[in-house]
Number of protein chains: 2
Amino acid sequence: MRKDVLTKNIASTRVKKIPASSIHEMTRLSAQVPDPAFLSWAKPTSGTPEHINRAVCEAVQRGLVSGYSPSAGLPELREAIVEKLKRDNNIDADTSELLVTVGAIEGLSAAVMALIDPGDEVLLPSPNYSTHAQQVVLASGTPIYVPTIEEEGFRLDIDAFRKAITPKTKAIMYCTPSNPTGAVFDEKDLRSLADITLENDLAVITDESYEYFTFDGARHFSIGSIPELKDRTISCFTLTKTYAMTGWRIGYVHTSSDMITQMQKAHIPFAICAPVVSQYAAMAALRGPQDCVSKFRANYLSLRDLACKRLDELSSVFTYQKPRGSYCMFPKILHKDGADSKSFCKKLLLEGGVSTTPGTDFGPTAEGHLRITFCCTEAEINKAFDRMEKYFG
Amino acid sequence: MRKDVLTKNIASTRVKKIPASSIHEMTRLSAQVPDPAFLSWAKPTSGTPEHINRAVCEAVQRGLVSGYSPSAGLPELREAIVEKLKRDNNIDADTSELLVTVGAIEGLSAAVMALIDPGDEVLLPSPNYSTHAQQVVLASGTPIYVPTIEEEGFRLDIDAFRKAITPKTKAIMYCTPSNPTGAVFDEKDLRSLADITLENDLAVITDESYEYFTFDGARHFSIGSIPELKDRTISCFTLTKTYAMTGWRIGYVHTSSDMITQMQKAHIPFAICAPVVSQYAAMAALRGPQDCVSKFRANYLSLRDLACKRLDELSSVFTYQKPRGSYCMFPKILHKDGADSKSFCKKLLLEGGVSTTPGTDFGPTAEGHLRITFCCTEAEINKAFDRMEKYFG
């Protein structure tokens, strides 16, 4: 009575609730298309700045990266992070309140694991970065989407958040500047959200990956800088977007030192510690010259303007909210086939030669949209839009 | 009615079930002791071999490590892993059956997440590496310990495993060569365990971190090499022990390609991809000269012999099973204060100046023991035992 293969029920119901990622499906499909134009990547085309690479090689050659670091991260790195949080986020941190993580993503997973019990509800804006909901499902929690106000630039709908709270609500989780919409949540709205979390004894988990990429005077606001919120906020940051080093997988979390103790119980089973070689890269990034960041931001701004200009010329196919941050935007599809964004994007790739990301993964109000990323070259954007003009022509 | 701090119930009941790690508590305590002798580290004192460091610097300077890799890992690295699994583990793998992970530990977490539903039981030998049980608890599963036969070198007790199976049992999870005991599970016993998993439609999750460090003719056997088991085994490996590169956080998993698809749903939220710089280190390690591995093994063997010799001279305080693998051993404390291993180890550190790890974390039959690691210098072992001789005088 031997069975030679894993039976169907051997995978957990948990992962079965998570659909396969459209982003990764599109990547696979793209391999079947000769020379596709990519508006679907969320990784910078710039390389990691030279001074960071040099510092890493020096640390490697000096034998500094062979062994584990403390699981919370190298003390010198945490000191550099304390300075950065004070300078740029208005957060007064102590090194005991920091955890160095494998990108922001591992910090977000550890945060959810440390907060969410099976059945707990987590409120997320819709549209929102798709992985957050998956992290909640991995913790056997329930993601509850709260629609944003699209016509006001995907603005937070504070009343809708208030109404969505139930006795099971444990936390609010969001990404600003937003992947996928490019929204930058206003300080005023975030302060109202803070009031709600205090009134209802909730926690907040933030994903601030795109903090340095804001345009048109929009200002990134860290909710963890509100003194009353400090101990109930888990703020997740990364260096990988800021310094064009996505491959290095290095980020960090700020929260109370008590919560750090709880999060370590997830962080150690997930990673033991963040890669030490990348911790040295992070130190070089934080301590080194910051002009690369302004250069990246200026570059994204000019690419955003180009993408918007080209979208304006396709106004019968798309309408859009101008992104105020990140390097993503989230046009609504006016085209008659747009209601099913997955098949729309698939056709656009296979027949039009342009790779984009269907909206469907990003929340219930995200269907009928697609995500365009403009962290690529001008030439790539022009190639993609030239093709779309011909395709929709 | 504002509350300014996270209320007690804000951390999940899940993480509250996980005690703070004794290993990390001992590390913290060690900082209070002037010049402690360390028998508590599980990281090699050797540095990462030069040829690996050189290859990494070249890849960094060529700008190859800036961006994400595919979430399953670089194709060239997976090809090198296919060859290694064939050569050293007798496992016929395809690149679609591999996932490159943040050390073995992230692969183990992703495996548990992809397999275990809340309430599912996972059988673990006792003593066992403490993090495995924590990974099961993070998935809201229940770790069930099955005692090993200590007097036969912490051998697997197959009958005890058979008896421990209930309708809720989903998987068996173990580490061989074993941290903390140094046991190397026999092929014959592992084949019996394979029969049990087939008869009861279970999965197996292995941690084979110490696969290359076996002594006295003991041979590491990968249960995933049994053809009938291939599709129900998730085999977790790491390069960090083999090549003295614990800080690099790089490992990999072999299982069926269907299970890889499920595991990606945890791997992406945990890490997106393994650090690319470390993937280049891994390629250099797998493709480069392997004499460093034999050298490390010979070194651990001679350190093991020294530790055993010194333990023999303390036979009124400890009795032990000679480790046949890994770089850990797990003496039983004969001393009158040994029943509470935590306070025994704490006293030994604070009064005797020797840092060891209390057994208590490693399972219900592990109390009354301590873990000694011999991945250090001869001088460190001698210093520690000289002090213990004086302390127990």
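## Burial and overall dimensions

A residue is called buried if 20 or more other C-beta atoms, placed from the backbone, lie within 10 Å of its own. By this criterion, 57% of the 393 residues in chain A are buried. The model is predicted: local features need pLDDT of at least 70, side-chain atom pairs count only at pLDDT 80 or more, and totals for chains, interfaces and linings use all residues. Residues are numbered from 1 along each chain as its sequence is written, while chains are lettered from A and ligands numbered from 1 in the order in which they are written.

The radius of gyration of chain A, taken over C-alpha atoms, is 21 Å, which agrees with the value near 21 Å for a compact globule of 393 residues; the globule rule is 2.2 Å times the number of residues to the power 0.38. The C-alpha trace of chain A spans about 60 × 60 × 50 Å along its principal axes.

Chain A contains 13 helices and 14 strands, defined as DSSP runs numbered from the N terminus (helices: H or I, at least four residues; strands: E, at least two). One open sheet of chain A has 3 strands in the order 10-14-13, with antiparallel pairing, where pairing requires that DSSP finds at least two bridges between two strands. Its edge strands, each pairing on one side only, are strand 10 (328-329) and strand 13 (357-358) of chain A.

Strand 13 of chain A is joined by 2 bridges to the antiparallel strand 14 (residues 370-373) of chain A. Opposite A:L370 in strand 14 of chain A stands A:P358.

## Domain organisation

Chain A is divided into domain 1 (8-47 + 292-392) and domain 2 (50-287), with bounds from an automatic or database domain assignment. Their C-alpha centres in chain A lie 24 Å apart.

Two residues are in contact if their C-beta atoms, placed from the backbone, lie within 7 Å. In chain A, 32 residues of domain 1 are in contact with 32 residues of domain 2. On the domain 1 side of chain A, helix 11 (291-312) and strand 10 each supply at least two residues, and helix 11 of chain A gives the largest share, 7 residues.

## Contact between chains A and B

The contact takes 74 residues from chain A and 74 residues from chain B. Among the elements of chain B that give two or more residues to its side are helix 3 (50-61), helix 5 (103-115) and helix 9 (257-271). The largest share of this side, 9 residues, comes from helix 9 of chain B.

Notes
Buried ≥ 20, exposed ≤ 12 C-beta atoms within 10 Å, placed from the backbone.
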